[in-house]
Amino acid sequence: MTGTAPGALVVAEGIGEIARVTERLTGPTRRTARVAQVVGPGFAGRSWAPRLTDALRPLDPTVVVHEGPTTPDSVATLVRQLRAIRADTVVAIGGGTVMDAVKAAAALSQRGPLDADQVRQACAAGPVPEDPTAPFKVVAIPTTAGTGAEATPFATLWDLRHRRKLSLTGPGVRPRAAVLAPELLAGLGRRDLATGILDALCQGAEASWSIRSTPESIHWGTSAVTLVAEVLDRVQDGTPDGEAWLGLQRAAHHSGRAIALAQTSSCHAISYPLTLRLGLAHGHACGVTLGRLLRHNHAVSPDECVDPRGAGHVRRVIDSLAAPLGGTPARAASRVERFIAACGLPSYDELAADHRRVAAEAVSYPRCHDNPRRLNHESLSRLLGERSETEEICG
């Protein structure tokens with residue numbers, strides 16, 4: 001178990017650790033601790049659900065099902081449900097949707113009854129400070145291999161009414177503990193694993209090349225990319241095992257650690273209109289432009305470089321990201337694009353996307369401008385309109 005310093009994220013591995021970590025967070029109370037278990041609608045149908053239920057049985061949790069995407073409405077509803085339970089600790093079991101809903105609900109739980117507009121206002125109000133007296137402590141248990149949400153101090157919400165992605169940020173949003181259990185990836189198909197992998201790759205890459213990157217975010221980001229590269233072929237071939245699943249969960253966790261320090265940048269900014277307008281899964285929406293941006297950013301000139309550390313720094317970082325994926329940035333980009341195709345996911349060229357509209361919406365997100373090579377509406381429109389080199393070679 002890691003993260004024993006005060007305020008540190010506690011990280012453990014294995015289903016058997018869940019109850020122990022949760023009890024440790026709850027600590028001594030004057031009454032029996034109340035634990036809420038928040039899951040997605042597909043929880044009961046997963047092969048590992050009985051084992052996870054048995055592991056949590058000593059805590060006698062109250063189960064809450066979070067339906068649909070994470071929206072201002074769903075977060076407000078979840079706050080009301082958790083307050084009614086009077087939970088001390090909330091165990092969030094699921095992908096990024098469930099974990100982000102629980103993180104947002106816990107961070108806003110001190111504010112009294114909430115409605116969707118108040119959740120929107122909280123997202124716009126700035127960072128949520130850490131509050132040791134907050135009613136709910138969150139234990140995050142990822143059942144996918146991509147988001148790293150168990151390690152990040154922000155939660156993504158989708159404002160479907162206004163067709164915008166929102167973010168609730170700040171130290172008060174980060175879970176208090178995370179448990180990585182590779183057996184929870186059992187039963188995920190190749191496409192589901194692939195979307196998670198693409199998310200982890202993009203998070204690792206973007207937190208490394210971002211103008212906000214730090215030596216620590218670059219360390220975590222390149223580690224995430226390296227861990228993914230080690231198991232990419234097994235996922236593509238449909239032959240992952242327990243060792244590969246653990247490698248993917250560690251990669252996702254490292255990518256979460258990376259974006260907790262430097263956030264994401266261009267791939268994620270482009271992904272938001274692709275998800276909102278075309279319904280692409282988040283990781284897929286991020287990954288379809290990763291190859292383009294690896295090539296684009298590596299070709300940065302001093303005149304186009306917006307990173308104060310200079311174009312040479314940018315190229316060195318991208319070289320370190322490309323090395324485990326294929327050697328050169330061009331080969332790494334082609335490797336990612338071949339992986340997308342082999343897993344049955346459409347490439348960007350195959351999407352019915354309006355390049356200029358996608359570019360206009362992407363540059364409206366501040367994260368787009370954390371890209372180390374200057375991006376504006378015109379340059380991004382051109383980049384999105386270029387056909388991928390992999391398709392040109394194969395077609």
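An open sheet of six strands, in the order β1-β8-β5-β4-β2-β3, is formed with parallel pairing; two strands are taken to pair if DSSP finds at least two bridges between them. Strands (E, at least two residues) and helices (H or I, at least four) are DSSP runs, numbered from the N terminus. From one strand to the next, the twist averages 20 degrees. The model is predicted: local features need pLDDT of at least 70, side-chain atom pairs count only at pLDDT 80 or more, and totals for chains, interfaces and linings use all residues. Residues are numbered from 1 along each chain as its sequence is written, and side-chain values use heavy atoms, with hydrogens and water left out.

Strand β1 runs parallel to β8 (residues 177-180) and is joined to it by four bridges. In this pair, glutamate 13 stands opposite leucine 180 of β8. Two bridges join β8 to β5, again in parallel, and β5 is connected to β4 by six bridges, also in parallel. Valine 139 of β5 takes part in both pairings: its bridge partner in β8 is alanine 177, and valine 139 is also the bridge partner of valine 91.

In a regular strand the side chains alternate between the two faces of the sheet. For β5, both faces are covered, with Lys137, Val139 and Ile141 buried on one side and Val138, Ala140 and Pro142 buried on the other. Buried denotes under 20% relative accessible area, exposed over 50%, and partly exposed the range in between (1.4 Å probe, protein chains only). Six of the six residues of β5 are buried, so the strand is largely enclosed by the rest of the structure.

Helix α1 (residues 18-26) lies across β1, β2 (35-39), β4 (89-94), β5 (137-142) and β8, and runs at about 165 degrees to β5. Axes are lines fitted to C-alpha atoms, for helices over the stretch in contact, and angles run from 0 to 180 degrees between N-to-C directions. Glutamate 23 belongs to α1 and is partly exposed, with a relative accessible area of 45%. Its C-alpha atom is separated by 8.8 Å from that of threonine 89, 66 residues apart along the chain.

Proline 171 is located in the loop between β7 (164-169) and β8. This proline is partly exposed, at a relative accessible area of 47%. Residues up to four places away in sequence not being counted, proline 171 touches Val128, Pro129, Glu130 and Pro153, where contact means heavy atoms within 4.5 Å. Between proline 171 and alanine 125, 46 residues apart in sequence, the C-alpha to C-alpha distance is 14 Å.

Helix α6 (residues 190-209) and helix α12 (residues 311-322) have axes that come within 9 Å and cross at roughly 160 degrees. That makes α6 roughly antiparallel to α12, a term used for angles over 145 degrees. The contact involves Gly204, Ala205, Ser208 and Trp209 in α6, which meet Val317, Ile318 and Leu321 in α12. By class, the contact of α6 with α12 has five nonpolar, two polar and no charged residues. Here Ala, Val, Leu, Ile, Met, Phe, Trp, Tyr, Cys and Pro count as nonpolar, Asp, Glu, Lys and Arg as charged, and the others, Gly among them, as polar.

How values were computed: Angles under 35 degrees count as roughly parallel, over 145 as roughly antiparallel, 65 to 115 as roughly perpendicular and the rest as oblique.
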